[in-house]
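Let us walk through this chain from single residues to the whole fold. Keep the model open as you read.

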Amino acid sequence: MVKTITIVGANLAGGRAAETLREEGFDGKIFLVGEEPWRPYERPLLSKEFLWDNTKLPDTFFLHDDSWYSDKNIDMRLGERAEALDLAAGGVRLGSGEFLKSDKILLATGGRARVLPLKGSDAPNVHYLRTKDDADRLAYDLKAGAHIVIIGMGVIGCEVAASAKKAGCDVTTIEPADVPMGRALGQKFGDWLGRYHRSQGVRSFYGLTPSELELNGEVVCAVKCNDGTRIECDAIVVGVGIVPNMELAQAAGVETSNGIVVDQQCRSNHSHIFAAGDVAFQPSFFGGKVRLETYQNASEQAAAAARSMIGIEQSYLKPGAFWSDQYDLNMQAIGMLDDSLEIAIRGSLDENKFTAFFLNNSVVSGVLMV
């Protein structure tokens, strides 16, 4: 009998797991442990609406209000760090020294921003966007007329570029690849997106990497690139990917690779340890293993993990899906967006309103809609 479940990670995945456990009738003890002082919230807003006006949080920002957790008898340990998994004793040891005896443990530990490997990358005007507190600090620097340099044009970099332009900033981007969001969109549609950013007044450098951060006192005043290009700035936003937080699992002997390795039931190689969200290295819909850093996966996989932990037959295997709002564009995608596939387009790239179907032997493997 499962009487106590500990969820490590009071984020979207952790919050959805706790919610699903109660929805499915689990009436045992639930511990929800998180390092941030905030109850679970939705991160997508942090690179968009939150940066335009962080003085008023929308009603949808937090998954639930405080009373919901007390009403559902969920024991939240916010501002607490999980220090170790003690598999022999069967539980989680917190930084405070408290031991949470647990029949099942869900690791929804997510990831941390990858740090730029340059001197000055920890300066106060160099921003990494993962948490509400990160967004608070960044919003303060996005003042009208400020010169903002964005290093890395993945989803976060692209969305922050759009938000910074909306705030009236002068925006310059640096991306080592040939196009923005190349991993997500491929070359053809990455090139289309790059043209759109330029049409909005973003100055872009592709195929370059930052080689030096120039300091003026404690703050960075310019970025130098590997070809000698020098770009002055008031602040920098770094979006060069995340590192999965899998140290707890590794220290306990749980199998890890590019994240915590799980099966279709979200179970690790230890029968009592499950993982979901950005940290999970999971079976891919298209074969092999994959780690998905999307809202959809964090929410839906966490719900699946919750059901698996309480014995509800579950098999989680879905194609990755994501959405992104940039300027007046809304992009939605699902499945495999691969340039090697046949692409059928309905609508017009020139009008920035289209649907692209990615076909593998006449089977739709992916869709991008703008």
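**A buried asparagine**

Asn 125 is buried, with a relative accessible area of 5%. The model is a predicted one. Asn 125 sits in the loop that runs between strand E8 (111-113) and strand E9 (126-128). What does Asn 125 touch, once residues up to four places away in sequence are set aside? The partners are Asp 141, Val 219, Val 220, Asp 234, Ala 235 and Ile 236. Now look across to Asn 216. Along the chain, Asn 125 and Asn 216 are 91 residues apart. Their C-alpha atoms are separated by 11 Å.

**Helix H4 and its lysine**

Asp 141, one of the contacts of Asn 125, leads on to helix H4, which covers residues 132-141. Which residues of H4 are buried? They are Lys 132, Asp 134, Ala 135, Leu 138, Ala 139 and Asp 141.

Lys 132 deserves a stop. It belongs to helix H4. Is Lys 132 buried or exposed? Its relative accessibility is 8%, so it counts as buried, the limit being under 20%. Leaving aside neighbours within four places in sequence, Lys 132 is in contact with Glu 36, Trp 38, Tyr 41, Leu 46, Phe 50, Leu 57 and Phe 61.

**Two residues with positive phi**

Next come two backbone cases. Asn 73 is not a glycine, yet its phi is positive, about 55°. The residue is found in the loop between helix H3 (66-71) and strand E3 (74-78). At 47% relative accessibility, Asn 73 counts as partly exposed.

Cys 266 is also not a glycine, and its phi is positive at about 70°. Its loop lies between strand E19 (259-261) and strand E20 (273-275). Here the relative accessibility is 0%, and Cys 266 counts as buried.

**A serine in strand E27**

Move on to strand E27, residues 363-369, where Ser 365 lies. Ser 365 is buried, with a relative accessible area of 13%. Its contacts, not counting residues up to four places away in sequence, include Phe 286, Ile 334, Gly 335 and Met 336. Leu 341, Phe 358 and Asn 360 are also among them.

**The whole chain**

The secondary structure comes to eight helices and 27 strands. How compact is the chain? The radius of gyration is 21 Å, close to the 21 Å that the globule rule gives for 370 residues, so the chain is as compact as a globular protein of that length. Along the principal axes, the C-alpha trace spans about 60 × 60 × 40 Å.

Of the 370 residues, 53% count as buried. Take the contacts between residues at least 6 apart in sequence: 59% of these join residues at least 24 apart. The accessible surface comes to about 16,500 Å², and carbon and sulfur atoms hold 48% of that area. The chain carries 37 positive and 49 negative side chains. The centres of the two sets lie 2 Å apart.

Methods: Residues are numbered from 1 along each chain as its sequence is written. This is a predicted model: local features need pLDDT of at least 70, side-chain atom pairs count only at pLDDT 80 or more; totals for chains, interfaces and linings use all residues. Side-chain values use heavy atoms; hydrogens and water are left out. Helices (H or I, at least four residues) and strands (E, at least two) are DSSP runs, numbered from the N terminus. Buried means under 20% relative accessible area, exposed over 50%, partly exposed in between (1.4 Å probe, protein chains only). Contact means heavy atoms within 4.5 Å. The radius of gyration is taken over C-alpha atoms; the globule rule is 2.2 Å times the number of residues to the power 0.38. Accessible areas come from the Shrake-Rupley method with a 1.4 Å probe; for residues, only the protein chains shown count as cover. Lys and Arg count as positive and Asp and Glu as negative; His and the chain ends are not counted. The place of a charge is taken as NZ of Lys, CZ of Arg, CG of Asp or CD of Glu.
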